[in-house]
Structure formats: C-alpha cells, structure tokens
Amino acid sequence: MQEIVEAIQSGAPGEELANLPLPESYRAAVVLEAEQDMWEGVESGDKDPRKSLHIQDVTLPELAPDEAVIAVMASSINFNTVWTSIFEPLPTFGFLKRLGKESVWGARHDQPFHIVGSDASGVVLRVGSAVRNWRPGDRVTVHCNYVDDQDPSAHNDSMLAANQRIWGFETNYGGLAELSVVKANQLMPKPAHLTWEEAAVNALCNSTSYRMLVSPHAAGMKQGDAVLIWGATGGLGGYAVQYVLNGGGTPVGVVSSPEKGEILKAMGCEAVIDRKAAGYRFWKDEHTQDESEWRRLGKDIRALIGRDVDIVFEHPGRQTFGASVFVAARGGTVVTCAATSGYMIEYDNRHLWMKLKRIVSSHFANYAEAWAANQLICEGKVQPILSAVYPLDQTGEAAYQVHKNLHEGKIGVLCLAPQEGLGIDDPAFREEVGEDKITLFRRHGA
C-alpha cells in the first residue's frame with residue numbers, strides 16, 4: 001500500500017500504477033453483522049458510532065468488467081454513515097443480502113462486514129474489461145448512485161431504476177477505506193484546484209442539492225425565486241445556499257447560532273434566521289403542532305425579504321415539515337430529500353390543497369446531474385464546505401460529531417492521503433477562485 005501512495009505522490013504515470021501489485025487486503029471502516037443488535041433498547045441519541053465503527057483489514061474483492069479499483073485518498077462522513085453505524089432505521093445487512101442475490105458479482109457484497117462511506121476522491125488503479133472512459137492514473141471523485149443499465153426503469157432517470165442503490169450504504173466496499181471497488185459510471189473528474197479532502201466531501205451532498213433545486217426532476221428553481229433553506233450551513237444547506245445565489249435567487253438561511261449566521265453572510269446570504277434565538281416551538285407536545293408558531297416563522301420571513309418563499313428546501317422532516325408547508329407561498333413548492341428528525345410527517349393539508357402548493361420528493365441524483373454538479377465544483381462556481389478533517393483511524397469520532405450535530409458543513413476523512421493539503425494539481429486556478437472562498441467553512445470550523 002505504501003508503494004501505491006508513494007507512486008501517487010510522485011505523480012507516477014498510469015502505466016506505472018497499473019503495473020503495481022494490488023494488496024490482497026486493505027484497511028476499511030466497517031460495521032459488523034454480529035453486532036447489529038448491540039444498540040437494542042438504547043435511545044438514538046445515546047448510540048455511539050465510536051463503538052460500532054471498526055477499522056480492520058478486509059479482502060479486496062474480484063473486479064467486475066464494469067468496475068474500477070481506486071486508491072481512496074480521502075472520503076467524508078454523511079448521515080447515511082451515521083445511520084449505518086447505529087443500525088437505524090434498520091441494519092444495512094439486509095440491503096447487502098438482497099444485492100447478493102442479484103448476480104454472481106452482487107454476491108461479493110453479502111459479507112458479515114459492511115464497509116461504509118458514500119464519498120471518495122482518489123486515483124484509478126485498475127479498470128475492468130468493459131470500462132471505456134477511465135484508465136489507471138485518472139484522478140477522480142466518486143458519486144454514490146449505484147445502478148446498472150439492464151432494466152428499462154433505469155433509462156429515463158436512473159434514480160427511478162428498480163435496482164438503484166446508494167454505494168457504501170446499500171452496497172458494500174464504500175469509500176471510508178484505503179481502496180474501493182466502484183462502478184465506472186460512478187466516476188467523475190477530480191477538481192484539479194482542490195486538495196484530496198476538499199474534493200472528497202462534495203459528491204453526495206452537492207449532487208443532492210443540485211437535483212433538489214436546479215434539476216427539472218425536483219423543484220426546478222428559476223431566477224428570482226426565494227428559497228427557505230433549513231440547516232443552511234449543514235452538509236446539504238451549504239450547497240443549497242450557493243445554488244440559490246448562483247441561480248439569481250434569494251436564499252433565506254435557517255441556522256442554530258450567530259456563528260453559523262456569520263458563515264451565511266460571508267457566503268452572500270443576507271437573510272438569516274437563527275431558530276434558537278427565535279425559539280420556535282412548532283410542536284406544543286409530542287402529538288400537537290402549533291400553527292401560531294408557523295405563522296410567526298412566516299412573519300419573520302416576510303420581515304426579511306418582503307414576501308413568502310417560492311421553495312422550501314426540506315430535510316429535517318417531522319420537526320419542521322408542518323411549518324414548511326405553511327410558509328411556502330401560494331403555488332409554492334416544498335422539496336424534500338430526508339427526515340433527519342423523524343420520517344412520520346404531519347402537516348395541515350388545507351394549507352397545501354387550498355393554496356395549490358406541492359410537495360416534491362428528491363433522492364440523490366442521476367449520473368448527468370451528479371456530473372453537472374461536479375463540473376460546477378471543477379469550475380470554481382460552487383465551493384466545498386469542508387469544516388474538519390479526521391484520519392481513517394478516527395472515523396468513529398468523525399461520525400459521532402455528525403450524529404451529535406457538533407459540526408458545520410462536511411467532515412472529511414483522510415484515507416491514503418498522509419496529510420492534509422495534498423492533491424492540488426492547478427494552484428494557479430485555486431488562486432483565481434480564491435483561498436478565502438474555498439476554505440471558508442474550514443477556517444470557521446477551526
């Protein structure tokens with residue numbers, strides 16, 4: 001493994017990398033099937049990813065014809081890694097078993113361990129016999145839409161494919177590891193002006209936000225739209241704010257502290273709501289929502305921008321959804337991709353149907369959307385929102401930080417990269433984009 005790292009660090013050509021022997025095993029962050037009941041009876045907030053995520057050696061699987069082996073230089077933590085580590089809403093080994101029944105190649109994924117991680121930046125080391133567009137030595141990022149083309153449901157929008165999965169969550173051999181095996185149609189060019197860790201944090205959240213707001217498959221934001229963004233400095237919200245600003249819209253960012261509000265203002269988001277300072281209580285108790293609090297939020301939005309929002313960027317779920325439906329403008333859209341505060345949603349349907357609002361679901365992104373979102377990163381038009389970096393050995397701690405919402409933006413994880421700051425191939429363009437823009441979240445996190 002050290003020979004591979006040294007070759008990458010020295011800029012070895014693809015032919016040299018292709019001739020380096022691959023190790024039989026590699027280190028990876030895993031959860032274990034034998035421990036999937038370890039949190040039985042424990043409240044979600046008390047479950048500790050540091051106890052369930054292990055770093056251990058795993059065997060490198062055989063390469064399928066449409067796959068590539070990549071040396072993972074860096075990865076990142078997403079909420080799906082947290083969900084896997086606390087075995088909620090259910091253990092992910094059921095996903096692996098179902099994939100294992102699909103084909104000979106799928107059977108490789110059904111293991112008593114699950115290598116997690118749905119982001120990566122790295123270098124291609126091997127490609128399968130059917131791979132056309134990639135070769136050893138290519139510097140890449142990886143998106144997490146795991147799908148093949150043997151079902152007609154995959155061809156209009158692959159996110160509607162009957163066999164669509166999220167790599168590293170519903171498949172094995174994810175990105176929080178020294179090596180990974182991915183489908184060739186998951187690969188995208190690494191932004192040349194970013195470090196390994198900066199390049200590794202974007203694909204999942206950036207692509208998700210792109211589809212939610214920009215793509216016609218979801219909200220289809222247009223110039224001039226006002227967008228309420230929950231968690232506006234979080235992994236999804238930090239990209240959403242940039243898309244609204246880039247698209248000629250008005251973001252209204254909801255955060256939980258004055259410090260996070262300062263990040264938004266530094267990004268160019270002038271309309272900021274500190275929900276903790278405002279003290280919104282959208283639920284009177286466990287069973288009853290408070291419409292007067294929805295109205296108070298709507299009044300606060302109008303005080304900031306003079307009107308209601310056209311789009312609500314929703315991902316907290318149960319805690320906020322009733323308010324989101326209410327504050328969207330007449331004919332407006334609530335676009336939702338998750339439910340981190342609970343997935344049993346309640347809202348007053350009168351405010352939806354009588355004001356002709358709509359709720360649109362969105363889930364990750366297809367390859368075209370992920371590629372377009374990545375291209376905006378490559379062109380310096382969207383910035384990474386990296387706030388902290390941990391080594392692979394501390395993946396559990398990094399996941400704990402996300403589980404407890406102790407972070408802003410995204411947390412990166414160094415896998416094979418020996419230190420931070422490596423991997424920049426175009427320093428001149430980095431200077432043109434601006435170090436202050438690229439490192440805004442990191443400087444605040446520090």
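This is a predicted model: local features need pLDDT of at least 70, side-chain atom pairs count only at pLDDT 80 or more; totals for chains, interfaces and linings use all residues.
Modeller: Residues are numbered from 1 along each chain as its sequence is written, and side-chain values use heavy atoms, with hydrogens and water left out.

Biologist: Why is asparagine 163 called buried?

Modeller: Buried means under 20% relative accessible area, exposed over 50%, and partly exposed in between, with a 1.4 Å probe and protein chains only. Asparagine 163 has a relative accessible area of 14%, so the residue is buried. Its place is in the loop between β7 (145–146) and β8 (165–166), strands being DSSP runs of E of at least two residues and helices runs of H or I of at least four, numbered from the N terminus.

Biologist: Which residues is asparagine 163 in contact with, leaving aside neighbours within four places in sequence?

Modeller: Contact means heavy atoms within 4.5 Å. On that basis, asparagine 163 is in contact with Glu102, Tyr146, Val147 and Asp148. Val147 and Asp148 are also among the residues that lie nearest the centre of the second largest pocket.

Biologist: What makes the pairing of arginine 296 and glutamate 293 a salt bridge?

Modeller: The term requires a side-chain nitrogen of Lys or Arg within 4 Å of a carboxyl oxygen of Asp or Glu. The closest N and O atoms of arginine 296 and glutamate 293 are 2.9 Å apart, so the pair meets that cut-off. Because the two residues are three residues apart in helix α11 (residues 291–305), about one helical turn separates them. Arginine 296 is partly exposed at 28% relative accessibility, whereas glutamate 293 is buried at 11%.

Biologist: Why is tyrosine 347 called partly exposed?

Modeller: The relative accessible area of tyrosine 347 is 31%, which means that this residue is partly exposed. Tyrosine 347 is found in the loop between β15 (328–336) and α13 (349–353).

Notes: On a 1 Å grid over the protein atoms alone, a cavity is a set of points where a 1.4 Å probe fits but cannot get out, and a pocket is an open set with protein on both sides within 12 Å along at least five of seven lines; lining residues have an atom within 4 Å of a point.
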